[in-house]
Amino acid sequence: MSTPTGPASGLPVRMPRPRQSGRHRRPEPVVAPEGAAALVLAVPGTPSSATRSLAEEVISIARSELPGLHARIAYLDGDDAEYPTLVSVLADSAAERIARFEQAKAAGREVAEPEGPAAVVVPLLAGPDNALLRRIRQAVMDSRAPVELTDVLGPHPLLAEALHVRLSEAGLARADRARLFTVATAADGIVLATVGGEEAVQAAGITGMLLAARLAVPVMAAALDVEGSVASIADQLKASGSVQLAVAPYLVGPEVTEGLLDAAVKEAGCATAEPLGAYPAIGKLVLSMYTTALGIAPVTPQGAQAH
């Protein structure tokens with residue numbers, strides 16, 4: 001029983017937990033600032049329910065890292081019905097911001113006029129694809145909205161981690177290089193398959209070096225959209241001594257034409273892992289691009305260094 005001055009004698013006293021100090025102190029959770037620009041995820045490829053599900057999961061991961069985040073999904077090849085186009089989403093985001101300002105002003109609140117970008121567009125691309133990026137830039141211009149366009153997600157150590165996980169899920173690599181066991185089907189040579197031509201291959205090569213360091217096997221990049229590229233790289237790996245090859249798709253998924261990956265894998269005679277998809281690193285990198293563009297939370301995704 002409690003007394004006016006505190007708990008009755010003999011009962012335990014529950015004291016508040018002291019706040020941690022020093023370098024082991026937990027960081028305060030970051031919340032999206034009120035009125036911050038919308039994060040618009042630009043999704044390439046033919047829209048589908050599977051593509052939408054993937055994009056929604058990526059956004060969900062980003063929101064879990066930054067509560068209060070206002071995020072929308074836009075499709076490069078949308079129809080403005082079931083799948084809104086990038087142009088319409090950007091125009092809507094700018095109009096919404098103006099409407100919120102006018103409503104606040106009409107309600108008598110002291111609010112500053114909107115400034116800076118109404119939206120930050122993050123392409124859902126692991127690497128550069130000039131044809132797709134040109135279309136995204138054109139959509140940004142066509143929207144006539146104040147918009148910030150970020151770079152693609154890679155190269156980045158988190159993508160090397162994601163590739164490693166996808167290979168291990170397919171039984172093509174050890175899950176942990178520190179463990180003293182082998183996988184019978186583990187590949188001794190990896191073809192890192194991307195889209196976007198030679199520039200994309202060069203960019204993928206940086207993540208490929210990080211992946212090679214994780215797996216301790218050779219990794220070489222190839223372009224799925226260049227005929228014979230995957231088979232040619234597979235031949236080079238075999239000539240250098242690799243026997244059991246695997247393809248690691250350096251792709252989120254929607255950006256590659258349906259059937260292109262399967263055809264290249266069949267031609268090269270390799271096993272393959274799944275594309276990166278909605279692996280948590282993708283959502284974290286999307287958010288990192290957004291926060292860096294706005295300068296609101298310059299936090300490097302956990303377990304990686306900024307690129």
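Here is a quick tour of this predicted model, from the whole chain down to a few single residues.

Local features need pLDDT of at least 70 and side-chain atom pairs count only at pLDDT 80 or more, while totals for chains, interfaces and linings use all residues. Residues are numbered from 1 along each chain as its sequence is written, and side-chain values use heavy atoms, with hydrogens and water left out.

**The whole chain**

- You'll find 8 helices and 10 strands in the chain; helices (H or I, at least four residues) and strands (E, at least two) are DSSP runs, numbered from the N terminus.
- Of the 307 residues, 46% are buried, where buried means under 20% relative accessible area, exposed means over 50%, and partly exposed lies in between (1.4 Å probe, protein chains only).
- Take the contacts in the chain with a separation of 6 or more: residues 24 or more positions apart account for 74% of them. Contact here means heavy atoms within 4.5 Å.

**The sheet with β3 and β4**

- An open sheet is formed by 4 strands in the order β4-β3-β5-β6, with parallel pairing; two strands pair if DSSP finds at least two bridges between them.
- β4 and β6 (147–149) stand at the edges with a single partner strand each, so one side of each has no neighbour in the sheet.
- From one strand to the next, the twist averages 25 degrees. For angles like this, axes are lines fitted to C-alpha atoms (for helices, over the stretch in contact), and the angles run from 0 to 180 degrees between N-to-C directions.
- Helix α2 (residues 86–106) packs on the sheet and touches β3, β4, β5 and β6. The direction of α2 makes about 150 degrees with that of β4.
- Strand β3 (residues 38–43) runs parallel to β4, joined by 5 bridges, and parallel to strand β5 (residues 119–123), also joined by 5 bridges.
- Leu39 stands opposite Ala71 in β4 and opposite Val120 in β5.

**A closer look at β4**

- In strand β4 (residues 71–75), 5 of the 5 residues are buried.
- In a regular strand the side chains alternate between the two faces of the sheet. In β4 both faces are covered, with Ala71, Ile73 and Tyr75 on one side and Arg72 and Ala74 on the other.
- To get from β3 to β4 the chain crosses through helix α1 (residues 49–65), in a right-handed β-α-β crossover. Right-handed means that, with the strands pointing away from the viewer, the path from the first strand over the helix to the second runs clockwise.

**An aromatic pair**

- The structure holds 1 aromatic pair. The rings of Tyr75 and Tyr83 have their centres 5.1 Å apart and their planes at 80 degrees, so this pair is edge-to-face.
- Rings of Phe, Tyr and Trp (its six-membered ring) pair if their centres lie within 6.5 Å; planes under 30 degrees apart count as stacked, over 60 as edge-to-face and the rest as tilted.
- Both Tyr75 and Tyr83 are buried.

**Where α1 meets α8**

- The axes of α1 and helix α8 (residues 280–294) come within 8 Å and cross at roughly 60 degrees.
- The contact involves Val58, Ile61, Ala62 and Glu65 of α1, and Pro280, Ile282, Gly283, Lys284, Val286 and Leu287 of α8.

- Strand β7 (residues 189–194) has 6 of its 6 residues buried.
- Gly189, Val191 and Ala193 cover one side of β7, with Ile190, Leu192 and Thr194 on the other.
- β7 pairs in the parallel sense with strand β9 (residues 245–249) over 5 bridges, and with strand β8 (residues 219–223) over 5 bridges.
- Ile190 has Ala246 as its bridge partner in β9 and stands opposite Val219 in β8.
- From β7 the chain crosses through helix α5 (residues 197–215) to β8, and this β-α-β crossover is right-handed.

- His164 sits in helix α4 (residues 157–169) and is buried, with a relative accessible area of 4%.
- Leaving aside residues up to four places away in sequence, His164 touches Ala173, Arg174, Ala175, Leu211, Arg214 and Leu215.
- Leu261 lies in helix α7 (residues 260–268) and is buried, with a relative accessible area of 13%.
- Not counting residues up to four places away in sequence, Leu261 touches Leu224, Val247, Pro249 and Pro275.
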